[in-house]
Amino acid sequence: MRRILIVALAIACAGCATVTPVKPWEKGELARPSMQFDNDRLEAKYTEHIYQSKEMASGGHGVGGGGCGCN
Amino acid sequence: MAATEAKSAAINPLLAAALALPGILPAAALAQSMPDQGIFSVNYLDYRDWQPGADRMSVKSPSFYVLAPFADKWTFEGSVVYDAMSGASPLYFNTLSGASGTGITEYRTAGDAKVTRYFDRYSIGVGGAYSHERDYISRAGSLDVRWWTADHNTTFAFGFAGNADYIHPADRELDNGRRHTLDFLAGVTQNLSPVDIVQSNITYSTGHGYYSDPYKLLDTRPDERRIWAWLTRYNHRFVQPDATLQLGYRYLNDSFGGDSHAFDVAWVQSLPGNVTLTPSFRYYTQGAADFFFGPPFPQGFQFGQSFTADTRLSAFGAMTAGIKVAKVFADGWGINLSFDFYRQRSGWRAFGAGSDGIEAFSARWINAGVSKAF
């Protein structure tokens, strides 16, 4: 697992270091709702909840959502 | 791709001129800081699942969500959900609970709330969550800190949460039905170009306490659990044909055993009349927990060791196909309707063999929602 953590951090840092900064006037397309992660919060919540209750485990999206008796 | 980017670049001078006017800076320019708009939404979810020859659970679930900026530098975010569940769940492998397999009726009420204070270059959020069932109570508290670069192109996120769960089955008293969990998150969101954005999160969860399922026969699980998850998501905007490609991959490592991989793809296509159509697909695969032994009788099981016949902890693959249609009106109202179909099969497992003797499992869910931006 430690190797995966190092690889993930290396990819993230390398990606951030090499991109050309996007100017404020270039962010029109990034403004679109479809470009936001989890733009529909309720949809994201129930989808994560369904997968959490039907598969072995969940994680990656956030913290602090609380548990349930479904798994 | 090159043509798309060229068109995007050609549009930029016009956008630059427009954005130079005060008051019309789009939300994206502020995407890494405080939202400038509130929203509330109401959803109704209808869920049903089944296995060959038998219906299992059915859930009707209304929910409410609000995000509201206030006092210039603050936001409040909260949601409430009510689940009405009925049907039967497996008691032992695919054998359903209850003599007739008709099962039970259960209700769950859950809510969460979060207050965030925004500063020039960072934000601090404090939240709480509560979930109540007749036999299960969960409480959680969380803290998250976000820090973004001066150009708002990179945001780092750090989160911490503590969960306390209390399990008290209706038909018996457990010696210690408590579970405590700590969750940690570190993530980065990066604008890669005017049409590309990526997010990568790593979460770690460590917990101890009661992890067994009191309603499954012979279920005895370890009393400690650690989960690593690495989630990476990437969105690409196609200016023509006015669409967005959304990709996601999650790797998860669970101390119960059995790594899992999840791949997501969605295509958000804009149509005339402020309508979007979003087909989506997900593939998921997991290995079995170390203490899952195959049916009919748990082969290899020894008394005193952990054991589960819970098929959710078996080795399988799963696919989800979905379609969503949404429309936004000029006054800020929006409506959406989605349908998803999900199926698990042991034969669909990747990176190894699936568990033998497990029935296929299917589910479908339909969601209808109304929202209003303000």
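Colleague: Which residue of E13(B) is the bridge partner of B:Arg233?

Modeller: The partner of B:Arg233 in E13(B) is B:Gly248. Please note that this is a predicted model.

Colleague: What makes E12(B) and strand E13 of chain B a pair of strands?

Modeller: Two strands pair if there are at least two bridges between them.

Colleague: Which other strand is joined to E12(B), and by how many bridges?

Modeller: Strand E11 of chain B, residues 196-209, is joined to E12(B) by 13 bridges, again in the antiparallel sense. Within E12(B), B:Asn235 is the residue opposite B:Ile197.

Colleague: What is found between E12(B) and E13(B)?

Modeller: The hairpin of these two strands has 4 residues between them, and B:Asp242 takes a positive phi near 60° there. The loop between E12 and E13 of chain B is also the place of B:Pro241. The peptide bond that joins B:Gln240 to B:Pro241 is cis, with omega about 15°.

Colleague: What makes E1(B) a strand with partners?

Modeller: E1(B) pairs with E18(B) in the antiparallel sense over 12 bridges, and 12 bridges also join E1(B) to E2(B), which run antiparallel. Since at least two bridges are required, both count as pairs. In E18(B), B:Lys372 is the partner of B:Phe40; in E2(B), B:Ser61 is the partner of B:Leu45. The hairpin of E1(B) and E2(B) has 2 residues between the strands, and B:Gly53 has a positive phi near 85° there.

Colleague: How many helices and strands does each chain have?

Modeller: Chain A has 2 helices and 0 strands, whereas chain B has 1 helix and 18 strands. Of the 71 residues in chain A, 48% are buried; of the 374 residues in chain B, 33% are buried.

Colleague: How do you know that the span of H2(A) agrees with its number of residues?

Modeller: At 1.5 Å a residue, the 14 residues of H2(A) should span 20 Å. The end C-alpha atoms are 20 Å apart, so the two values agree.

Colleague: Which residues of H2(A) are buried, and what do they pack against?

Modeller: The buried residues of H2(A) include A:Leu42, A:Tyr46 and A:Ile50. The buried residues of this helix pack against E1, E2, strand E3 (74-87) and E18 of chain B.

Colleague: How many residues does each chain give to the contact between A and B?

Modeller: Chain A gives 43 residues and chain B gives 88 residues. On the side of chain A that touches chain B, helix H1 (2-18) and helix H2 (41-54) each supply at least two residues. H2(A) gives the largest share, 7 residues. By class, this side of chain A has 22 nonpolar, 12 polar and 9 charged residues.

Colleague: What makes up the largest nonpolar core?

Modeller: The largest nonpolar core has 34 residues, and B:Tyr47, B:Ala229, B:Ala289 and B:Leu313 have the most contacts inside it. Elements that each supply at least two residues include H2 of chain A and strands E1, E2 and E18 of chain B. E12(B) gives the most, with 5 residues. Another core, of 5 residues, lies apart from it, with A:Val63 and B:Leu185 among them.

Colleague: What is B:Leu313 in contact with, its neighbours within four places in sequence left aside?

Modeller: The contacts of B:Leu313 include A:Met56, B:Phe256 and B:Phe292.

Key:
Residues are numbered from 1 along each chain as its sequence is written. Chains are lettered from A and ligands numbered from 1 in the order in which they are written. This is a predicted model: local features need pLDDT of at least 70, side-chain atom pairs count only at pLDDT 80 or more; totals for chains, interfaces and linings use all residues. Two residues are in contact if their C-beta atoms, placed from the backbone, lie within 7 Å. Ala, Val, Leu, Ile, Met, Phe, Trp, Tyr, Cys and Pro count as nonpolar, Asp, Glu, Lys and Arg as charged, and the others, Gly among them, as polar. A nonpolar core is a set of buried Ala, Val, Leu, Ile, Met, Phe, Trp, Tyr and Cys residues joined through C-beta atoms within 7 Å. A residue is buried if 20 or more other C-beta atoms lie within 10 Å of its own, exposed if 12 or fewer, and partly exposed in between; C-beta atoms are placed from the backbone. The expected span of a helix is 1.5 Å times one less than its number of residues.
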